[in-house]
Amino acid sequence: MKLNAKVPEPLGFQLTPMLDVVFILLIFFVVTQKFILNEQDLAVEVPTAAGDEKDATRAIEEIILNAREVLENEPDAEIRARDLAAGRKPGELVITINRQEYKLEELDAPLRRQVANQKELPVCIRADKDMRWEKVVRVVEACTSAGVYNIRFKKVMPGESAAAQKAAAQ
């Protein structure tokens, strides 16, 4: 007795499962990408310092704190106009976190809220290169009084211009 068993055709290269995996990976990387555009204040020019490339990496939950001092003879007309519109006086400290501006006295409350959720909260201070050291110390003191002790300072590697830094931020 002869059975008519159909031999299945050999399957070709299956493209659909591979595309599914590629699209899932693409979605994963897009969703987990951390955009830092709203964390950098373009009015802050970070000082240049030699060092290792370790500074380029940052923790995911790290808070970027931008600090700059209002200058009497601000060379950038756009920044000067924003300072005039906000009624800022020369020597006043402008602190920005996630595009939200704070005065030094107002900095304690948002940092304490963040520290309540995470005890070892890392903070990166992007202090303007023209800022007086006294003002930088006051920002650090405000952070430590709010309970933040994991503080680092942002710097630009030698050879990297301020224009390149601003272009990277945009």
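Which residue in E4 is the bridge partner of Ile63? The partner is Val123. This briefing concerns a predicted model.

- Strand E1 spans residues 63-69, and it is mostly covered, with 7 of its 7 residues buried.
- Ile63, Leu65, Ala67 and Glu69 point one way from E1, while Ile64, Asn66 and Arg68 point the other way.
- The residues on both of these sides are buried.
- E1 and strand E4 (residues 122-127) run parallel and are joined by 5 bridges.
- With strand E2 (residues 93-97), E1 pairs in the antiparallel sense over 4 bridges.

**Glu74, a buried charged residue**
- Glu74 lies in the loop between strand E1 and helix H2, the latter covering residues 77-86.
- Although Glu74 is buried, it has no salt bridge.
- Its nearest side chain of opposite charge belongs to Arg68, 4.7 Å away, whereas a salt bridge requires the charged atoms to be within 4 Å.
- When neighbours within four places in sequence are left aside, Glu74 is in contact with Ile79 and Arg80.

**The aromatic pair**
- A search of the whole structure finds 1 aromatic pair.
- The ring centres of Phe28 and Phe29 are 5.3 Å apart and their planes are at 65°, so the pair is edge-to-face.
- Phe28 has a relative accessibility of 47% and therefore counts as partly exposed.

Notes. Residues numbered from 1 in each chain as written. Predicted model: local features only at pLDDT ≥ 70, side-chain atom pairs only at ≥ 80, totals over all residues. Heavy atoms only, no water. Phe/Tyr/Trp six-rings, centres within 6.5 Å; stacked < 30°, edge-to-face > 60°. Buried < 20%, exposed > 50% of the residue type's maximum accessible area, 1.4 Å probe, protein only. Helix = DSSP H or I, 4+ residues; strand = E, 2+ residues; numbered from the N terminus. Lys, Arg positive; Asp, Glu negative; His and termini not counted. Contact = heavy atoms within 4.5 Å. Pairing = 2+ DSSP bridges.
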